[in-house]
Amino acid sequence: MASIRPLLAGQGQPQRESKGEEEEETRDWAALPMDALLAVLGRLGGVDILMGAGHVCRQWRRATREEPELWRRIDMRRRAGLAYDVDLEAAACATVRRSAGRCEAFLAEDSAGAGLGYDDDFFHFLADAAPMLKSLRLISCNRVDPHMINQTIRKFPLLEELELSLYHKGSIDDCLDGVSEACPLMTRLRLNHDRFYYFRPILIGGCECKSAEIARMHGLRSLQLFANSISNEELAAILRGCQQLESLDIRHCFNVLMDDELWSRCATVNTLRLPEDSMEDYDLQYDSPVRDSVYYSDAMY
């Protein structure tokens, strides 16, 4: 209930004086109209609903189980203070089932060593249970094989937004293979690492972003490639293929050195964030860049 109170604060009846003493009028939250209840629950993440709001009373429990509209957008990020033994995969399965095939946006964030997270079996399930998916955001989902991620993405022909951030399990190349053809409606793509390396070894998420695959996403409007080792030539290829691009973020992509060709191709980009630009509004964790060419041995990680 603690996670519900901040959202409800100030929404009850005002206090009033009676017989010289202030009394607070209590509201029967179980009597909320369904549309108002769904509006309240819709402001919570999936974890908060399953672990808190869904246990408030019978009406709230019924709404969380029987209203697929509530689960059109599912946010399964791990909250601070959540016990490590909470099975996020089981919780995510429950939310997707409750969406009854109407889920349009799914966000999952795992944490290395933090309890039970997402594995290949879950993504096989998601690919079959959410045919209407338009947005898939995966953060730190490092227990999942890249080929499984690829198979899952390609099952969503309506996909418009894709994020693969802080992924170290394997090559992002493998995750993206064939996605431009399977997901022709893609308009927003985020491929973010936690640290820039002059050369990115396979064991920490190399190879790099698949520039040729991205260049075939001709309808792309927004692209973020944080801390990728992308080159001038690869970026130019992307810009040639994605001529409708409105927002480009290449912060910490220090192998890119803006030249006349890149400046020319970026002329139509409304929002451009360059490698050295401020990180003030960046929303993921990141480490200091490794800018020189050195040999990275397995023992270093």
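**Helix H5 and its end**

H5 itself covers residues 88-98, and I listed its buried residues: Leu-88, Glu-89, Ala-91, Ala-92, Cys-93, Thr-95 and Val-96.

**Whole chain**

I have twelve helices and ten strands in the protein chain. Of its 301 residues, 49% are buried. The accessible surface comes to about 15100 Å², and carbon and sulfur atoms hold 47% of that. I also looked up contact range: among contacts with a separation of 6 or more, 74% are between residues 24 or more positions apart.

**Confidence**

How high is the mean pLDDT of the protein chain? I get 80, with 67% of the residues reaching 70 or more. Residues 1-24 have pLDDT below 50, although the model gives this stretch 27 contacts beyond near neighbours in sequence. I noted another stretch, residues 202-208, where pLDDT stays under 50 and the model has 29 contacts beyond four places in sequence. Where pLDDT is low, predicted coordinates should not be read in detail, and I leave those contacts at a count.

**Cores**

Which residues have the most contacts inside the largest nonpolar core? They are Phe-106, Leu-136 and Ile-214, in a core of 60 residues. H5 supplies the largest share of this core, five residues. I also found a second, separate core of ten residues, with Leu-107, Ile-139, Phe-196 and Phe-226 among them.

I then checked Leu-136 by itself. Leaving out residues up to four places away in sequence, Leu-136 touches Phe-106, Leu-126, Ile-153, Phe-156, Leu-159, Glu-161, Leu-162 and Glu-163.

**Strand E5**

E5 spans residues 135-139, and five of its five residues are buried, so the strand is largely enclosed by the rest of the structure. I sorted the side chains by face: Ser-135, Arg-137 and Ile-139 lie on one side, Leu-136 and Leu-138 on the other, and both faces are covered.

Then the neighbours. E4 (residues 105-109) runs parallel to E5, and five bridges join the two. Across that pairing, Phe-106 stands opposite Leu-136. E5 also pairs with E6 (residues 161-165), again parallel over five bridges. There I wrote down two positions: Arg-137 stands opposite Glu-163, and Leu-138 has Leu-164 as its bridge partner.

**Strand E6**

Is E6 enclosed or open? Five of its five residues are buried, so I have it down as largely enclosed by the rest of the structure. Glu-161, Glu-163 and Ser-165 point one way from E6, while Leu-162 and Leu-164 point the other way, and all are buried. I followed the pairing onward to E7 (residues 188-192), which runs parallel to E6 with five bridges between them. Leu-164 has Leu-191 as its bridge partner in E7.

**Helix H11**

Last stop was H11, residues 232-241. I get Asn-232, Leu-235, Ala-236, Ile-238, Leu-239 and Gly-241 as its buried residues. What covers these buried residues? The cover includes helices H10 (211-215) and H12 (260-265), plus strands E8 (222-224) and E9 (247-249).

Key
Residues numbered from 1 in each chain as written. Heavy atoms only, no water. Buried < 20%, exposed > 50% of the residue type's maximum accessible area, 1.4 Å probe, protein only. Helix = DSSP H or I, 4+ residues; strand = E, 2+ residues; numbered from the N terminus. Contact = heavy atoms within 4.5 Å. Areas by Shrake-Rupley, 256 points an atom, 1.4 Å probe, with all protein chains shown as cover. Core = buried A, V, L, I, M, F, W, Y, C linked by side-chain atoms within 4.5 Å. Pairing = 2+ DSSP bridges. pLDDT = per-residue confidence, 0-100.
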